[in-house]
Amino acid sequence: MLHDGPHKKGALIVTDPRIDWNTSPAALWRRHRSGLRAIRRLDPVDWQDLTGIDRQKQALARNTERFLAGQPSNNALLWGSRGTGKSSLIKALLNRYREQGLRMIEVDKDDLVNLPEIVDDICELPFRFVIYCDDLSFDVGESGYKALKSVLEGSLELPPENVRVYATSNRRHLMPEFMADNLASDVRGGELHPAEAIEEQVSLADRFGLQLSFYPFSKDIYLQAIDALFPNVADRQQLHLEAVRFATGKGVRNGRTAQQFYRQHAGDPRFT
């Protein structure tokens, strides 16, 4: 709610009621509020609806189950091609494990400087929190990754046991890679010594113990995703023909393309 500030006449301070984590499985950080807001409408994506990424699903589920059980577990980086299910997998993970105590906080890359304060507020709570950073990457000169590093591996203080970071990115190393960085590397005594810029790039990604790669779908996998979205269609040949034509027009086969095809053709008399 809004009320007059205690120190400046007419100033407005935004305050939120304390989030009830018993009933709210997720929240996001709002910069202008300088606080968390409970997510009111969760994306209902279902774990079983995600096709073509079985290896990644199994690995992330195992890591999350270990985390929920208080066993050793890793921070996770899901990297690779756009539209291949990275973000959907994180959302489905929350829907699958929320009843087992999993809670999630989404933090935008530009707000990572607030991450230590966010973690301080939740480290004593009886829930297991995943800090979710979508489309994470850093450009030259950005410093937000330093706060992320401290949460991933700690500093003088160890990172909290009830917090893990799950991030998605199109970049494997989260930072831009330039040819000049490679040219600055050298060989001494028969060993390759990467340039300092490369060491900086790799050191951040290395803090994610679980790294899962995502690639564009093959034609067969893409059509499997289409079939899962249209389970009752009798004329599969016509469905597949239209789906392949749609993907060709977009120039990419992935889960996002399959979903877009579904939104465009759901209810089409040919596919009912």
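1. Two rings of Phe, Tyr or Trp are counted as a pair if their centres lie within 6.5 Å, and planes over 60 degrees apart make the pair edge-to-face. The structure under review is a predicted model. A search of the whole structure under this rule finds eight aromatic pairs.

2. One of these pairs joins Phe-230 and Phe-271. The ring centres of Phe-230 and Phe-271 are 6.1 Å apart and the planes stand at 70 degrees, so the pair is edge-to-face. Phe-230 is located in the loop between helix 7 (219-229) and helix 8 (236-250), whereas Phe-271 belongs to the segment after helix 9 (255-265); the pair therefore ties together parts that are 41 residues apart in sequence. Both Phe-230 and Phe-271 are buried.

3. A further pair is made by Phe-246 and Phe-261. With centres 5.5 Å apart and planes at 65 degrees, the rings of Phe-246 and Phe-261 are likewise edge-to-face. Because Phe-246 lies in helix 8 and Phe-261 in helix 9, this pair ties together parts that are 15 residues apart in sequence. Phe-246 has a relative accessible area of 17% and is therefore buried, the cut-off for that class being under 20%. Phe-261 also counts as buried, at 0% relative accessibility.

4. Glu-106, Asp-108, Asp-110, Asp-134 and Asp-135 form a negative surface patch. Among them, Asp-110 is placed in the loop between strand 6 (102-106) and helix 3 (115-122). The relative accessible area of Asp-110 is 46%, so this residue is partly exposed.

5. Arg-172 is found in the loop between strand 8 (163-169) and helix 5 (179-183). Its relative accessibility is 46%, and Arg-172 therefore counts as partly exposed. Although Arg-172 and Gly-80 are 92 residues apart along the chain, their C-alpha atoms are separated by 6.9 Å.

6. Ile-53 occupies the loop between strand 4 (35-38) and helix 1 (54-68). The C-alpha atoms of Ile-53 and Ile-221 are separated by 9.2 Å, while the two residues are 168 residues apart along the chain.

Terms used: Residues are numbered from 1 along each chain as its sequence is written. This is a predicted model: local features need pLDDT of at least 70, side-chain atom pairs count only at pLDDT 80 or more; totals for chains, interfaces and linings use all residues. Side-chain values use heavy atoms; hydrogens and water are left out. Patches are made of residues with over 30% relative accessible area and no salt bridge: like charges are joined within 9 Å, nonpolar side chains (Val, Leu, Ile, Met, Phe, Trp, Tyr) within 5 Å. Accessible areas come from the Shrake-Rupley method with a 1.4 Å probe; for residues, only the protein chains shown count as cover. A salt bridge is a side-chain nitrogen of Lys or Arg within 4 Å of a carboxyl oxygen of Asp or Glu. Lys and Arg count as positive and Asp and Glu as negative; His and the chain ends are not counted. The place of a charge is taken as NZ of Lys, CZ of Arg, CG of Asp or CD of Glu. Helices (H or I, at least four residues) and strands (E, at least two) are DSSP runs, numbered from the N terminus. Buried means under 20% relative accessible area, exposed over 50%, partly exposed in between (1.4 Å probe, protein chains only). Rings of Phe, Tyr and Trp (its six-membered ring) pair if their centres lie within 6.5 Å; planes under 30 degrees apart count as stacked, over 60 as edge-to-face and the rest as tilted.
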